[in-house]
Structure formats: C-alpha cells, structure tokens
Amino acid sequence: QSRLGFERLLSEMSARFLKTKDYDDAILQSLGELGRFCGAGRTYLFLFDPDPATCSNTHEWCSEGILSQ
C-alpha cells in the first residue's frame, strides 16, 4: 500500500514538472507533498557543486508550526 502511494506521488510530481514553467513553485509543491507523505516536518533540496565539493540548500518546505532554518 505504501509503495503504491509513493509511486503515485512520484508520478504526480513528474507530471507537474512536465506541465509547468515555474520550476521553483513545482519544487516547493513537490517537497511539501513528499514531506507530508513521509510524515516529515521539513524537506530540503540541495545543489551539489563538485568543485569545491559543497552543497547549497536551494529550497525548503516546513510543515505547519515548524520554523524555517
């Protein structure tokens, strides 16, 4: 049941990215859906830069009552 729900979520997220021109909004919506599905209070998207091997937080979603970091 959980696997089916996760596959459905991934399908919906993929379709959103194919239909939109506002990728920032699509990312935030997807992070929110993923966070709610997993029961997380916060989700992030990081951009990896191989030179000098650093990660930058580009997007964050927080559930209600959770402060942004």
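1. The protein has 2 helices and 2 strands, where helices (H or I, at least four residues) and strands (E, at least two) are DSSP runs numbered from the N terminus, and from that terminus on the elements run α-α-β-β. This is a predicted model, in which local features need pLDDT of at least 70 and side-chain atom pairs count only at pLDDT 80 or more, while totals for chains, interfaces and linings use all residues. Residues are numbered from 1 along each chain as its sequence is written, and side-chain values use heavy atoms, with hydrogens and water left out.

2. The C-alpha trace spans about 40 × 30 × 20 Å along its principal axes, and 20% of the 69 residues count as buried (under 20% relative accessible area, with a 1.4 Å probe and protein chains only).

3. Helix H2 covers residues 23-38, and because 16 residues at 1.5 Å a residue should span 22 Å, the 22 Å between its end C-alpha atoms agrees with expectation (the expected span being 1.5 Å times one less than the number of residues). Just after H2, glycine 39 takes a positive phi of about 75 degrees.

4. Which residues of H2 are buried? They are Ala26, Ile27, Ser30, Leu31, Gly32 and Gly35, and their cover includes helix H1 (2-19), strand S1 (42-49) and strand S2 (54-62). An α-helix has 3.6 residues a turn, so residues three or four places apart point the same way.

5. Among contacts (heavy atoms within 4.5 Å) with a separation of 6 or more, 32% come from residues 24 or more positions apart.

Methods:
Buried < 20%, exposed > 50% of the residue type's maximum accessible area, 1.4 Å probe, protein only.
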